[in-house]
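Me: Please examine the model shown below. A few questions about it follow.

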Amino acid sequence: MRSHRRTTRVLGSLLLVAAAGISSFAAAPSGAAASPTVTPLGQIVPAPLKAEPAGPGFEITAKTRIRVEKGNAAERRAGEYLADVLRPATGYKLPVTDSGGSDGIRLRISAEPANKALGAEGYRVISARGSLTITSWSDAGLFHGIQTVRQQLPAALEKKTRQRGPWRIAGGTIEDTPRYGYRGTMLDVSRHFFTVDQVKRYIDQAALYKMNKLHLHLSDDQGWRIAIDSWPRLATYGGSTQVGGGKGGYYTKAQYKEIVAYAASRHLEVIPEIDMPGHTNAALASYADLNCNGVAPPLYTGTEVGFSSLCVKKDVTYDFVDDVIRELAALTPGEYLHIGGDEAHSTSHEDFVAFMEKVQPVVAKYGKKVMGWHQLAGADPVKGAVVQYWGYDKTGAAEREEVVNAAKNGTKLVLSPADRAYIDHKYTKDTPLGLSWAGYVEVERSYDWDPATYLQGAPADSVMGVEAPLWTETLSTSAHLDYMAFPRLPGIAELGWSPAATHDWEKYKVRLAAQAPRWDALGIGYYKSPQVPWPGK
């Protein structure tokens, strides 16, 4: 059930410096305002590939300009984004300019070999007296570099009103590139509906930690959340409620495109999911013809799973699937479309296999690649399909073997083990929110596993990356999302981004604790795990 070291020696020593609260800048002169402790270079989440301290570092002042190259639209967008981040708390104008100059904050996208060697999402930050330079091969890498710079600055930067400086960044060079190309989180908007602004807020939180995929769970038994012109009652009726009987809601096509565009501006690709053939009560209630007996069931507001199924043997089922995938694919610029496939307990294995044989080609027909929960491995995943594994310690050997065999045959994997990566699960028995069917998932347990070796027998190169699903049976507000996602979301992000050699809970928890003032400034109410040495603890 799913609802369910290359750590450099320098980086290791920097973490000890961070724990001791030692600044890399000289003390303020007598009579000057007390300076906040400067974050040691590399004391960020996710941990960077390499951090080499050197020199006095850079300070943002009222005279600082953000410099981009003339005619480079991507650099200009990144510059305006960075200025929007920096202006409220600093109170500085920080003009974005394409006039020449070697001072200030310089943003550069360049195909020079040193940048290309860091890959499409890699970046380099050089902090020196008088200049801060962020370079990359791509606009995505430039954006990730900006997130690193944010974390190197004082946490008060995140506030929306003017704060006292200075705004200093430790000196030296960071070179960074992700371990995996897929670093995602899933937001379930079906069990409880979340508005466009609430989804945008979650996108910004994921982007701060360099995640690059947003998997939206758009349909389930309790609600259908995307307008489909050819089947309008899916949204207007099937989307009219949610768990507990609230009013629900759905996204118009314009609203969905707004979410997609906002995610793209933060370099996250939206992967929409229409779960089938199970988890379909909202659709079955909306259209009687989709039921084998031709009778529409009532809307459902509970939290049980496995009781619903599309009628596999009816032709109208595949007309429905074709229309939904066609319309959703047209709205989605990303390469993947998720077709669910989990917990189809009311569908026989024979029918499940037959259904997937018919549905997977429809995804390709409309220019997308198939993603599915790991039960898809028990059918016949098409070439290029991605299987998302959500099993856990108690998952049976036969089920795991199906996934491993699919991986050996070329199917790629995204790992979301429920007792590690499901950030809707309770931290402890006393957690007021969340589920616990896969056990309790404290912060250390969520972080302390290796995607490359987690699924024994699966080739390491079959793993595309990791995803942190956030199911919402018990979550109905942004405050609920914050509490369950933080502090676990940054840990899953680090598993996807950072080199395996940096994986060390004792060092990680120090860097994680240092994030708390930033979350406070951002208004993120997080779980204060006793496993983490939070400031003031």
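Reply: Two strands pair if DSSP finds at least two bridges between them; strands (E, at least two residues) and helices (H or I, at least four) are DSSP runs numbered from the N terminus. The model is predicted, with local features needing pLDDT of at least 70 and side-chain atom pairs pLDDT 80 or more, while totals for chains, interfaces and linings use all residues. Residues are numbered from 1 along each chain as its sequence is written, and side-chain values use heavy atoms, without hydrogens or water.

Me: Which residue in β7 stands opposite R124?

Reply: Strands β6 (123-128) and β7 (131-136) are paired in the antiparallel sense by six bridges. Opposite R124, the residue in β7 is T135.

Me: Which are the edge strands of the open sheet?

Reply: Seven strands make up this sheet of mixed pairing, in the order β1-β9-β6-β7-β5-β3-β4. The strands that pair on one side only are β1 (50-53) and β4 (96-97).

Me: What angle does the direction of α2 make with that of β5?

Reply: Helix α2 packs on the sheet and touches β3 (66-67), β4 and β5 (104-109), contact being heavy atoms within 4.5 Å. Axes are lines fitted to C-alpha atoms, for helices over the stretch in contact, and angles between N-to-C directions run from 0 to 180 degrees. For α2 and β5 the value is about 145°.

Me: Are the residues of strand β11 buried or exposed?

Reply: K213, H215 and H217 point one way from β11, whereas L214 and L216 point the other way. Relative accessible area under 20% is buried, over 50% exposed and in between partly exposed (1.4 Å probe, protein chains only). The rest of the structure largely encloses β11 (213-217), because five of its five residues are buried.

Me: Which residue stands opposite H215 in β11?

Reply: Strands β10 (182-188) and β11 run parallel, joined by five bridges. The residue opposite H215 is M186.

Me: Which element gives the most to the lining of the second largest cavity?

Reply: On a 1 Å grid over the protein atoms alone, a cavity is a set of points where a 1.4 Å probe fits but cannot get out, a pocket is an open set with protein on both sides within 12 Å along at least five of seven lines, and lining residues have an atom within 4 Å of a point. The second largest cavity is lined by Q198, R201, Y202, Q205, S478, L481 and D482. Two or more of its lining residues come from each of α5 (196-208) and α14 (478-485). The most, four residues, come from α5.

Me: Which residues lie nearest the centre of the second largest pocket?

Reply: Elements giving two or more residues to the lining of this pocket are α2 (73-90), α5 and α17 (516-522). Of the 17 lining residues, those nearest the centre are R150, E158, K160, D204 and L522.
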